[in-house]
Each structure stands twice: as C-alpha cells, then as structure tokens.
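Let's take a walk through this structure and see what holds on to what. Have the sequence and the 3D view open as you read.

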Amino acid sequence: MQEAGVNLVSLAIFSWSRIEPAAATYDFAWLDRIMDLLHSGGIAVDLATATASPPPWLSHRHPEMLPITIDGVRLWHGARQHYCPSSPVYRDAARHLVEQMATRYASHPALAMWHVGNEFGCHVPACYCDVSANAFRKWLQERYGAIEDLNRAWGTDFWSQRYSKWDEVLPPRRTPTWPNPSQQLDFMRFSSDELLACYEIEHDVLKEHSPGVPVTTNFMRFFKPLDYWKWAEREDIVTDDVYQDPSDPEAGMRSAMAGDLMRSLGRGRPWVLMEQTSSRVNWREVNVAKAPGQMRLWSFQAVARGADGVMFFQWRQSRAGAEKFHSAMVPHGPVSSSPVWKEVKQLGQELRGLDAVCGSRVKADVAIVFDWESWWALELPSKPSIRIRQEAQLEEYYRPLFAANVVADFARPTDDLSGYRLVLVPNLYLVDDEGAAGLTSYVRNGGTLVMSFFSGVVDQFEHIHLGGHPAPFADILGLRVADWLPLADGEHVDVAFADGAKGHGDLWSEIIETSGARSLASFAGGHLDKRAAVTKHEFGSGAAYYVGTRLDRASMARFLHSVWTDAGVSPELEAPSGVEVMRRSVGHRSILFLLNHRDRAVDVPLAQAGTNLVDGSQVHAGLFRLGPYGAAVIREGW
Ligand code: GAL
Ligand code: ZN
C-alpha cells in the first residue's frame, strides 16, 4: 500500500458475520490487528459500520427481516443487502453492532472517517412486506393527518380507490394495471426516507461516540431511488462510486456530470471518489477494460470536478466469491507483470503532488435544475410519452457544456440561484409553488433561464397544474402549449432557425401559442409548419427561453452556445475537442486541469505559465502537449 501511495483504506464494509459471528458475540481481534497495522504504516481508515450485509444467523432466526419484492417474492440471504429497511429486527441489530464498533474504535488513531452501510438501496431500494406497509401508513399519517386528506392527495375518486381506514392503504404492490401515480410517488419518497432513517440511526450512534469524526455513505451517481439532496444534508462529506463503461464513447462526459452532481450535493465542498475500478468490473455482460491511462485520467477528472480524494474498490482481487473477476489495485497474478498495478502506483505518486488542490473550490456560472421527486414523477408510467427519461434529458443539456468546457452545478428549484448567470431546466415535470416562485423570481431579477418541454406539468401530489401548460411558468415564458404532440420512435420534425440555420427535433413536438414570447426557431413542414419551436421572452429584468422539442445535437449546441454567450458565460479555456478543462481555486489563486480524453496527443494553447503539479515540471505559456489520455494539473502563476 505504501508503494502505491495509499493513505486511506475503507475497511470492514462487509464484515458483519466475522465481527459478530453469533448474536452479541464479538470478534474484534483481527480488526484490531489491521487497524493497528495500518496506523503504524501511516495509513488512515475509513471504517465501515459493517451493516450492509447481515449475517446468516440473523435472518435465519428472523426471516421476517428479509425484504419482499413488488411481486411478493422474499429475497433470502446468500448475497448481500438482504434486509427490509423498515425491519425493527434489522435496525436493532445494526444499531447494536454500530454501538460496538463505535465504542471500540472511536478513539483509535487510525480512524479518519466513518462509512455507514454501503451503497444504500443499491440492490433493495424498496420493500413491499407487511412491516413496510405499516411503516408506509405511519409515514402517510404524518404527512396527511386525516384519511380524507390522503384521499384528496391521491385523487382516489378515480377508479374507486377511496380509503375509509388507514389499514386499507398498501404499498403499490403488483396490481392489475397502473397503480395510483400519487401513491407510487409517495412510496418512492417513503422508501428514500426509510433508508435514510437506517443511515441516521447509525449516524447518530457514531456522532455520540466520536463527534469530530466525519460520517459518510457512498453514493452512486444519479441513483434514482434515493433523494440525495436530502441525504447529503446528513453527511459530513459526500462520497461517490463511479464505474464508467470504457466501451461507452461518452463515459468521460457521464463521469464529469456525476462529479458535478457530487460537488453540488455537498454545496461546493470537496467530495471523495470512494470507489472506482482499476480496470474492469464483473457485472456487465462484457466487462471491457480501461485503456492504458484511462483510469489515471478519470481519477484526475474526479479531482478536477471537486474531489479531494481518489479511492478504489478494491485493494486485492479476491480468490473466491461473486467478485473475483473484478479488477483490483493488486491483481491475482504477480504485480511485477501487471500494467494496472503500474498505473495505480504512478497515480498514487502523482496524487502526492496535489496537496495544493485540497480544499480548493470549483466556480460555476451555470446551474442545471434537477430534482429527484420530479425525476420519480416524470418516469411514472401512463404519460404522453414514456420515452422522456430524466437522465437522458439532463445529458442533452449537459453535453454541449461539457464539450465547450463550460462548468455547471446542479441545483434544486428552491435553491438560491441568484449567483448563476444561466439556469437550465430540462424536464422539471413536477414543481410545487415554492419551486415555481423561485425560478420566477430568478428570471424577474435578471437571470437567464432555459426550460424544456414537459416542465411544470404537475404539483407535488402529481396533480395537473391547471390553467394551460406549463401553468406555473406561462408568465415567465410568455406562452402556453395548446397541445402536446409526442413523436413516434424514429419520427422527426424539421426545425428552421430565425438565423437561417436548419435542424430537426425528435421525441416531442407541441403546439405553442406565444403571448409575449418571440420565436427563435419554428417547426417546418407538416401541420406544425411555421409554428414556434424555440422561443425567448423578456421577463422582469431577465429572459426565459423555451425549447419545445428535443433538438438534434448540433442545433442544441449552437442554441445553448448563443444563450450562454448572451448571458455572459464563457468557457474555462478554448481547447481542442476532446480536451476537458477545469479550474479549482483558493482565493485568487487557481489551478488548471487539462484532461485529454483522446487516445492521441494534442496541443493546448495556454495563456499563463505555471507548474505542473503532477510531475513538478515548469509549464510555459503557449502550446502545451498532452499525451494520449494525458492529464496535467497546472498551478497558474504562483
Ligand atoms: C459497488 C460496491 C462494491 C463492489 C463494487 C463492484 O457497488 O459498493 O462493494 O460490489 O460495486 O463494482
Ligand atoms: Zn419490508
């Protein structure tokens, strides 16, 4: 580990059955030995609470703690994460274990951070058992008070779903056809909250025993089941697991987007890349290896996007078990012949030079509005088109920014957006009054906003906002949509821009009736001919743009480029395509990251001289050469 520059180790994540081999019987000897050994070697520990995989003796004795799927199937022990989040048996057993762990290690000198559970919800994001049904009812009672209010919120007059007693209310188990959408949405909220309650039980025990030690749990990028906005508020530091697919040409863009999300979840504070693979995973059908240099590149990318630490799953490749074909820092074979080990070692050495980066911040002029509840609601079935997917729609807006090296944060509609020059709103399908008011005042006070089709459609109960779509935003957008015309797979519409450029849209089209907005592009041909497709409306001292279709990528890039330029946003640096550029700063000092996503060398024009922290070399203004998958971290002029 010292050879690889390791200075932090996640430990005991799946060790419950070893630590507590029988009820209330503990074996800490082995863990003591490893904690001491790491400490004596100058390596700190991110110590897990070990609650992510309950031991077989527990579920054998209490099968009622096992989770039940939507189809009523019980999930047994023999893998991991086989617990019902609402189970008092699981929660008590976990709390006891964490009390033991905290008592024993709270003041161990190796302890740097607590790692609660592991990837909450990864395999079992929700449970439909009777215990969970009861917990769901309690959660609903707290939210609505009276059964009549639940009936109103869920619109239960539809299809004769009125409830007369709380006991009749169920989780949305398998039904003949679509269950009530408001019920499904509340169950998603509940399920995220229920897992968060498991996290909090452990969190509170840890804080009691070691108030000064940071507590985290590892996130999974854009993980739909958990509202990470809520979760991140309960963490001292945000950590993330990122497993790019090297066969995906847009993998680099996707991990950049995940990095920006993590930084935003922590409200700008540095985060940690908790897990990545040194090369391959084992859980895709074909597990393509990272190209030489790609692991190093993507590690630096995490740092560029705001991470202060880079870690791996896993240290040593296991000999047995379900993940023995997953790459590790130390492979099965001899390290001497492993290119992966070589790259791991190199990275470890290079990261040592980056101390100046720690604590520095990323500044963004653009925010992308993204809200989990809206995501959940958008993707419920029975819509004008179920082809609209939240992550894909976010990417439509993110892609041009990434390609041009324009930095964006993610934000909730209710956040203070006044510091951003530009706010992008892709498919904010669900918005409550507060969110709508926030976006409205952002524009009124001088902000520039771009909103996509199918936004502002429902409120927090999944009830339509009446008054003509998109009712909550009709004033700022200066338009109403008379009807939605979703496009069939493979169908597209031509779009003619006012400046003469031509493009097309797919997925969606609609009949826009402007009432103050100006058309920047119109549909061409068919019965939508000459009707507005993209609009702009001056509102208060700001401007609101609206996009009524999914523009082809070139048109989208051109459109957003003109919008951000007008809003006074500029790229970090004009760089050749395929080169990612980021900046982190401390006060007036800045550190420039150059990341070459291509497998051939490129020259990047630099305005300033500096020091490349990766190897300590001096960098001059003018052309700077980056090798294939090359990375440089340049301290600019100081
Ligand atoms: C993560 C998990 C690790 C390991 C890894 C494999 O989901 O936290 O324990 O399973 O994936 O890629
Ligand atoms: Zn359950």
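## A bridge across the sequence

Lys-345 has a relative accessible area of 25%, so it counts as partly exposed. Keep in mind that this is a predicted model. The side chain of Lys-345 meets that of Glu-3 in a salt bridge, with N and O 3.3 Å apart. Glu-3 sits in the segment before strand S1, while Lys-345 belongs to helix H11, so the pair ties together parts 342 residues apart in sequence. Glu-3 is partly exposed too, at 48%.

## More charged pairs

Side chains of opposite charge can pair when their charged atoms come close. The structure holds 47 salt bridges. One of them joins Asp-92 and Arg-95, with the closest N and O atoms 3.1 Å apart. These two are three residues apart in helix H4, which means about one helical turn separates them.

Next up is Arg-162, which pairs with Glu-148 at 2.8 Å. Glu-148 is in helix H6 and Arg-162 in the loop between helices H6 and H7, so this bridge links parts 14 residues apart in sequence. Some bridges also share partners: Asp-248, Glu-250, Arg-254, Glu-395, Glu-396, Arg-399 and Arg-553 form one network.

## The zinc site

Which residues coordinate the zinc ion (ligand 2)? They are Cys-84, Cys-127 and Cys-129 through SG, plus Ser-132 through OG, at 2.1 to 2.2 Å. The site is tetrahedral, with angles of 95 to 118° among the four donor atoms. For comparison, the ideal angle for four tetrahedral donors is 109.5 degrees.

Buried or exposed: what about Cys-127? At 4% relative accessibility, Cys-127 counts as buried, and Cys-129 is buried as well, at 8%.

Key. Residues are numbered from 1 along each chain as its sequence is written. Chains are lettered from A and ligands numbered from 1 in the order in which they are written. This is a predicted model: local features need pLDDT of at least 70, side-chain atom pairs count only at pLDDT 80 or more; totals for chains, interfaces and linings use all residues. Side-chain values use heavy atoms; hydrogens and water are left out. Donors are N, O and S atoms within 2.8 Å of the metal (3.2 Å for Na, K and Ca); water is not among the atoms, so sites may look incomplete. Four donors count as tetrahedral if all angles lie between 85 and 135 degrees; four count as square planar and six as octahedral if opposite donors are over 155 degrees apart and all others between 65 and 115; anything else is irregular. Buried means under 20% relative accessible area, exposed over 50%, partly exposed in between (1.4 Å probe, protein chains only). A salt bridge is a side-chain nitrogen of Lys or Arg within 4 Å of a carboxyl oxygen of Asp or Glu. Helices (H or I, at least four residues) and strands (E, at least two) are DSSP runs, numbered from the N terminus.
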